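Hi,

Here is the structure I promised to pass on to you.

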Amino acid sequence: MSKTINWGIMATGKIAHTFAKAVQFAEGAKLYACASRSAEKAAEFGKLYGAEKSYGSYEELADDPNVDIVYVASPMSCHYENVKLCFKHSKNVLCEKSITMNTSQLEELTAEAREKNLFFMEAMWTKCLPSFLKAKEWFADGRIGDIKAIRADFSNPVEYDPNDRLFRADLGGGALLDLGVYPITLVTAFLGYEPTDISAAVNVGHGVDMDESVIFRYGDSYASMVAGFDIENDNRAVIVGTKGRIAFDPWYFCTDTVRLYDENGKLAEESVTPHLCNGYEYEILEAQRCLAEGLKESPLNPLSDTLGVMKLMDRVRAEGNFPV
């Protein structure tokens, strides 16, 4: 019988609740401990999800010898210091996206994880979803030929709130790190991390990037992406090749449905895999698989991919005259 993996959740905000629910649907996973900067909040969260331990400091969680892996769910601006704390206590880490604020932070954490022989992965759940993996399979099998164009958007109107982390630069706010990371992740997974040219238009408001339109060129292929807090979009993704296309259902980064069309636009195949919970269970299962097999990086989402995306986001911000 496989070993039960004791998860610790660091921070107890909205995303932590989503993750904690998924833990209950991931075979072999146990929410063992949680931590908040408030002992009361940690206890309330732990009681809600049946955690055995709750802590009023992140240090206590990281120091618990029974925690096998920590899910870092704090605001982006805190990821760097929180991951370093976990590494200090020799803890494996699954860190919420975007994994750091910039490339230099990620390079330092990656080097430390490798030096200490610890598992480290960005919680980019999209890359673990059956729909995404099926699309990768179709492409690898040559079903759509050579890619000519990709379109991927993620825009979701958010009412301005000066206290919301999305509108606070000091907490890693802005559309690119929160939303834009998804279309860039999808594009690079299929076209690679070395576009020949990047163009970006960035609209700034309230001290953060409110939206951006980005184009990556790869020789005679290209990808167009839009992300933002101030416009409504259908949030679709389509990958167009010389022999057909792959189309994800709306909200492509978490959908359970993807379709393959041939060169005549006829539906050739459809893949539907309903989530066991909310989709986060797949990244939990992937992290646990890696731990069981002694892997320090996930083959589905290796650190080289995460670093490639971060470097491109730094370039987008530079191209859009928005500071990194």
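Predicted model: local features only at pLDDT ≥ 70, side-chain atom pairs only at ≥ 80, totals over all residues.

Residues are numbered from 1 along each chain as its sequence is written, and side-chain values use heavy atoms, with hydrogens and water left out.

**Cavity and pocket**

The count comes to one cavity of 30 Å³ or more, and the largest cavity has a volume of about 50 Å³. Its lining is made of Leu176, Gly180, Pro183, Ile184, Glu212, Val214, Met225, Val226 and Ala227. Helix 7 (175-191), strand 9 and strand 10 (221-228) are the elements that give two or more residues to this lining. Helices (H or I, at least four residues) and strands (E, at least two) are DSSP runs, numbered from the N terminus. Which element gives the most to the lining of the largest cavity? That is helix 7, with four residues.

The largest pocket has a volume of about 960 Å³. It is lined by 32 residues, and Gly13, Lys14, Ile15, Arg165 and Asp178 lie nearest its centre. Helix 1 (14-23), helix 4 (76-88) and helix 7 each give two or more residues to the pocket lining.

Six strands form an open sheet in the order 3-2-1-4-5-6, with parallel pairing. Two strands pair if DSSP finds at least two bridges between them. Strand 3 (53-55) and strand 6 (120-122) each have a single partner strand, so one side of each is left without a neighbour in the sheet. On average, neighbouring strands here are turned by 25° against each other, direction ignored. For such angles, axes are lines fitted to C-alpha atoms, for helices over the stretch in contact, and angles run from 0 to 180 degrees between N-to-C directions.

Ile69 stands opposite Asn92 in strand 5. In the loop between strand 5 and helix 5 (103-115) you'll find Ser98, and the peptide bond from Lys97 to Ser98 is cis, with omega near -20°.

Helix 8 lies across strand 1 (5-10), strand 2 (29-35), strand 4, strand 5 and strand 6, at about 125° to strand 1. Among the buried residues of helix 8 are Tyr282, Ile284, Ala287 and Cys290. Buried means under 20% relative accessible area, exposed over 50%, and partly exposed in between (1.4 Å probe, protein chains only). Just after helix 8, Gly294 takes a positive phi of about 75°.

An open sheet of eight strands has the order 8-9-10-7-11-12-13-14, and its pairing is mixed. Strand 8 (197-205) and strand 14 (267-272) are at the edges with a single partner strand each, so one side of each has no neighbour in the sheet. Neighbouring strands are turned by 10° against each other on average, direction ignored. Helix 9 (residues 303-319) packs on this sheet, touching strand 8 and strand 9 (208-218), and its direction makes about 65° with that of strand 8. Contact means heavy atoms within 4.5 Å.

**Two loop residues**

Asn235 is in the loop between strand 10 and strand 11 (237-241), with a positive phi near 50°. Is Asn235 buried or exposed? At 0% relative accessibility, Asn235 counts as buried. Trp251, in the loop between strand 12 and strand 13, has a positive phi near 60° and counts as partly exposed at 35% relative accessibility.

Definitions and conventions. 1 Å grid on protein atoms, 1.4 Å probe; cavity = no way out; pocket = protein on both sides within 12 Å on 5 of 7 lines; lining within 4 Å. Points joined across faces, edges and corners; volume = space filled by probe spheres on them.
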